[in-house]
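Dear colleague,

My notes on what was found in it follow directly after.

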Amino acid sequence: MRIKKSFFVFLVVFLTAVSLVFAAGQKEKEAKKGKIRIAMVVKNLGNAFFEACHDGGKESVKELGGFELIFQGPSTPTAEGQIEIIDSLIAQKVDGIAISANDKDALVPICKKAMERGIKVISFDSAIAPEGRILHLAPSSDEYIGRSLVELLAKMIDYKGEIAILSASSTATNQNAWIKWMKKELEKPEYKNMKLVAIVYGDDLSDKSYREAMGLFKSYPNLRGIISPTTVGIAATAKALEDAGLAGKIALTGLGLPSEMKQYIKDGTCEKMELWNPIDLGYSATYITYKLVTGEFKGEPGEVMHVGRMGDIKIGKDGIAVMGKPYVFDKTNIDKFAAIY
Ligand code: RAM
């Protein structure tokens with residue numbers, strides 16, 4: 001009886017202690033949750049595409065319970081600007097960084113340093129080389145984007161004539177990967193009468209992109225089409241085409257933000273273009289970074305991450321997680337999408 005009684009007392013004390021420790025742990029977790037700080041570092045500020053990514057990031061903050069999201073980017077899309085920002089984020093001891101990189105390799109050392117300090121680093125949109133991040137979140141397959149943009153343009157110009165590419169910055173990982181696939185697609189026999197005559201870089205700055213477009217019109221009087229795989233570049237090129245009276249004479253496609261391209265799609269300056277949803281991209285990038293910080297995701301190849309409203313996203317080879325296919329926009333659906341992003 002005595003033994004039973006003291007055992008009972010022991011059990012009560014033990015269970016109380018366990019629940020106290022558990023409660024303290026929970027409290028600590030909750031407190032940590034409130035303190036988690038994640039930075040979204042974009043190629044540059046003032047780009048509506050990244051503002052939409054930021055909106056998506058804010059959605060994930062609301063959903064996951066109030067961690068802090070810091071949004072930063074240099075004024076022009078350079079690796080140097082991003083290195084400075086990451087240096088300061090390391091000093092501020094943030095918990096996670098999701099970056100759209102201006103250069104695949106130049107950012108590796110600083111991102112390595114961040115990871116050595118325990119910061120979870122991922123790239124999204126525009127990748128860092130595998131040594132500089134845990135994983136890369138790609139909005140769509142590079143091959144699909146590159147090949148499909150050439151197909152879209154070819155149909156607009158009957159598979160004939162000189163074409164050019166007006167890109168973002170010359171070191172942008174994502175645009176360079178897409179251009180590589182465009183060139184591969186152009187090797188197919190059906191494009192034998194199409195010739196890529198120039199690749200120019202507008203650095204994702206509207207005025208520079210506009211000037212580069214005007215330069216193309218001048219240097220290549222027989223130009224039949226332009227692919228601009230950047231939301232800033234395609235909008236600037238559309239404006240330049242209209243100002244130069246060349247809309248309809250030179251075809252235009254690429255990756256455009258519906259809200260910025262609506263008028264040009266409607267008046268036929270750009271018949272068709274593609275893009276994914278940048279809000280979903282920013283939501284997913286922030287969501288994944290947060291779950292890496294809390295330890296719920298490991299970030300290893302083969303892992304299937306359940307990314308809230310986006311569903312399952314699998315981490316593939318080289319730590320690259322690919323989301324889905326882009327949408328194609330034309331006169332029939334541009335109003336609907338322009339209202340969203
Ligand atoms: C610009 C940026 C971004 C790219 C889009 C399509 O806004 O270069 O990185 O994904 O275009």
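Which backbone oxygen does the side chain of Thr253 reach, and at what distance? The side chain of Thr253 reaches the backbone oxygen of Lys272, at 2.6 Å. This is a polar contact, that is, a pair of N or O atoms within 3.5 Å, where within protein one atom must be able to donate a hydrogen and the other to accept it, and where residues adjacent in sequence count only if both atoms are side-chain atoms. Thr253 belongs to strand E9, residues 251-254. Thr253 counts as buried because its relative accessibility is 0%; buried means under 20% relative accessible area, exposed over 50%, and partly exposed in between, with a 1.4 Å probe and protein chains only.

Please note the basis of these values. The model is predicted, so local features need pLDDT of at least 70 and side-chain atom pairs count only at pLDDT 80 or more, whereas totals for chains, interfaces and linings use all residues. Residues are numbered from 1 along each chain as its sequence is written, and side-chain values use heavy atoms, with hydrogens and water left out.

The chain as a whole

The chain has 11 helices and 14 strands. Helices (H or I, at least four residues) and strands (E, at least two) are DSSP runs, numbered from the N terminus. Along the principal axes, the C-alpha atoms of the chain fill a box of roughly 100 × 40 × 35 Å. The chain has 341 residues, of which 51% count as buried.

The ligand

The ligand is surrounded by 14 residues, and the closest are Lys43, Asn47, Asp125, Asp204 and Thr231. A residue is near a molecule if one of its heavy atoms lies within 4 Å of it. By class, this shell holds 6 nonpolar, 5 polar and 3 charged residues. Here Ala, Val, Leu, Ile, Met, Phe, Trp, Tyr, Cys and Pro count as nonpolar, Asp, Glu, Lys and Arg as charged, and the others, Gly among them, as polar.

A polar side-chain atom of Asn47 lies 2.9 Å from a ligand oxygen, and one of Asn174 lies 3.0 Å from a ligand oxygen. For Gln175, an N or O atom in the side chain is 2.9 Å from an oxygen atom of the ligand. Taken alone, the ligand exposes 290 Å², and the protein buries 100% of that; accessible areas come from the Shrake-Rupley method with a 1.4 Å probe.

The space taken by the ligand is the largest cavity. A cavity is a set of points, on a 1 Å grid over the protein atoms alone, where a 1.4 Å probe fits but cannot get out, and a molecule sits in a cavity if more than half of its atoms lie within 2 Å of its grid points. Two or more residues of the shell come from each of helix H2 (48-64) and helix H6 (173-186). H6 gives the most, with 3 residues.

Individual residues

Helix H2 also holds Glu59. Glu59 counts as partly exposed because its relative accessible area is 34%. Glu59 and Thr286 are 227 residues apart in sequence, with their C-alpha atoms 9.2 Å apart in space.

The loop between helix H5 (142-156) and strand E6 (161-167) contains Asp158. Asp158 counts as exposed because its relative accessibility is 54%. The C-alpha atoms of Asp158 and Gly311 are separated by 39 Å, and these residues are 153 apart along the chain. Tyr159 lies in the loop between H5 and E6. Phi of Tyr159 is near 60°, a positive value in a residue other than glycine, and Tyr159 is partly exposed, with a relative accessible area of 29%.

Asp203 also has a positive phi, of about 55°, although it is not a glycine. Asp203 is found in the loop between strand E7 (194-201) and helix H7 (206-219), and is partly exposed at a relative accessible area of 23%. Helix H7 contains Arg211, which counts as exposed at 52% relative accessibility.

Finally, Lys317 is found in the loop between strand E12 (312-314) and strand E13 (320-322). Lys317 counts as exposed because its relative accessibility is 70%. Lys317 and Pro301 are 16 residues apart in sequence and 6.1 Å apart in space, C-alpha to C-alpha.

With kind regards

Conventions: 1 Å grid on protein atoms, 1.4 Å probe; cavity = no way out; pocket = protein on both sides within 12 Å on 5 of 7 lines; lining within 4 Å.
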